[in-house]
Amino acid sequence: MDIGSRLRKMRKKRGYTLQDMADHLGIARSTYAGYESNYRQPPLEMLHDAAEKLKTSADYLIGLTDNPYPKEPTKNARELLADKELHWDGVPLSDEELKPIRDLLELVVKERLPQKIKEKKEKGESEKA
């Protein structure tokens, strides 16, 4: 699938018109239509802006991946440690090897959780005063 087809597919999926996209990108409707028809090639900056508007990645639009839904990196340690493809400098880590790390983090968080709840309550009460 070419860039134009991917732009059109994602635009329609998101419910935008040609004019919506052109307005967002600050270009004429006919220019944007040229991108979707592959009459014109969008510059890289335009692809980046279009990808953000369409909630996809530039990699998807240019065909480097077929996944239109990029996954944002997680900052949640529980999610990260649940990843089945985790490795340490290329050495795969099994679920069994990660279990002690998950258990340790759970213990740390359980001990801190009552304090966090107490701090939130105190902060809420002081804001009301």
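**Fold, packing and salt bridges of the predicted chain**

Lysine 55 is exposed, its relative accessible area being 55% (buried means under 20% relative accessible area, exposed over 50% and partly exposed in between, with a 1.4 Å probe and protein chains only). This residue lies in the loop between α4 (44–53) and α5 (58–62); helices (H or I, at least four residues) and strands (E, at least two) are DSSP runs numbered from the N terminus. Although lysine 55 is not a glycine, its phi is positive, about 55 degrees. The structure is a predicted model, in which local features need pLDDT of at least 70 and side-chain atom pairs count only at pLDDT 80 or more, while totals for chains, interfaces and linings use all residues. Residues are numbered from 1 along each chain as its sequence is written, and side-chain values use heavy atoms, with hydrogens and water left out.

The chain contains 7 helices and 2 strands, arranged from the N terminus as α-α-α-α-α-α-β-β-α. Its radius of gyration is 23 Å, well over the 14 Å that the globule rule gives for 129 residues, so the chain is more spread out than a compact globule. The radius is taken over C-alpha atoms, and the rule is 2.2 Å times the number of residues to the power 0.38. Along its principal axes the C-alpha trace spans about 60 × 55 × 20 Å. Of the 129 residues, 23% count as buried. Among contacts (heavy atoms within 4.5 Å) between residues at least 6 apart in sequence, 49% join residues at least 24 apart.

In helix α2 (residues 18–25), the buried residues are Leu18, Met21, Ala22 and Leu25. Seen down the axis of α2, these residues fall within an arc of 100 degrees, so they line one face of the helix; the arc is that of the directions from the helix axis to the C-beta atoms. Their cover includes α1, α3 (29–36) and α4. In α3, the buried residues are Thr31, Tyr32, Gly34, Tyr35 and Glu36, and they pack against α1, α2 and α4.

Residues with positive phi follow both of these helices: glycine 26 comes after α2, with phi near 70 degrees, and asparagine 38 comes after α3, with phi near 65 degrees. Aspartate 89, which is not a glycine, likewise has a positive phi, of about 50 degrees. It is placed in the loop between β1 (87–88) and β2 (91–92) and is exposed, with a relative accessible area of 72%.

Arginine 11 belongs to helix α1 (residues 3–14) and is buried, with a relative accessible area of 9%. Leaving aside residues up to four places away in sequence, arginine 11 touches Tyr16, Thr17, Leu18, Met21, Tyr32, Glu36 and Leu54. In helix α5, isoleucine 62 is partly exposed at 41% relative accessibility. With the exclusion of residues up to four places away in sequence, isoleucine 62 touches Ile3 and Leu47. Isoleucine 62 and leucine 47 are 15 residues apart in sequence, and their C-alpha atoms are 8.5 Å apart.

The structure holds 7 salt bridges, each defined by a side-chain nitrogen of Lys or Arg within 4 Å of a carboxyl oxygen of Asp or Glu. One of them joins arginine 6 to aspartate 66, with the closest N and O atoms 2.8 Å apart. Arginine 6 lies in helix α1 and aspartate 66 in the loop between α5 and α6 (77–82), so the pair ties together parts that are 60 residues apart in sequence. Arginine 6 is buried, at a relative accessible area of 4%, whereas aspartate 66 is exposed, at 64%.

Helix α7 (residues 95–128) includes leucine 107. Within α7, lysine 99 and aspartate 103 are 4 residues apart, about one turn of the helix. A salt bridge joins their side chains (2.8 Å, N to O). Lysine 99 is partly exposed at 44% relative accessibility, as is aspartate 103 at 39%. Elsewhere, salt bridges that share partners join Arg8, Arg11 and Glu36 into one network.
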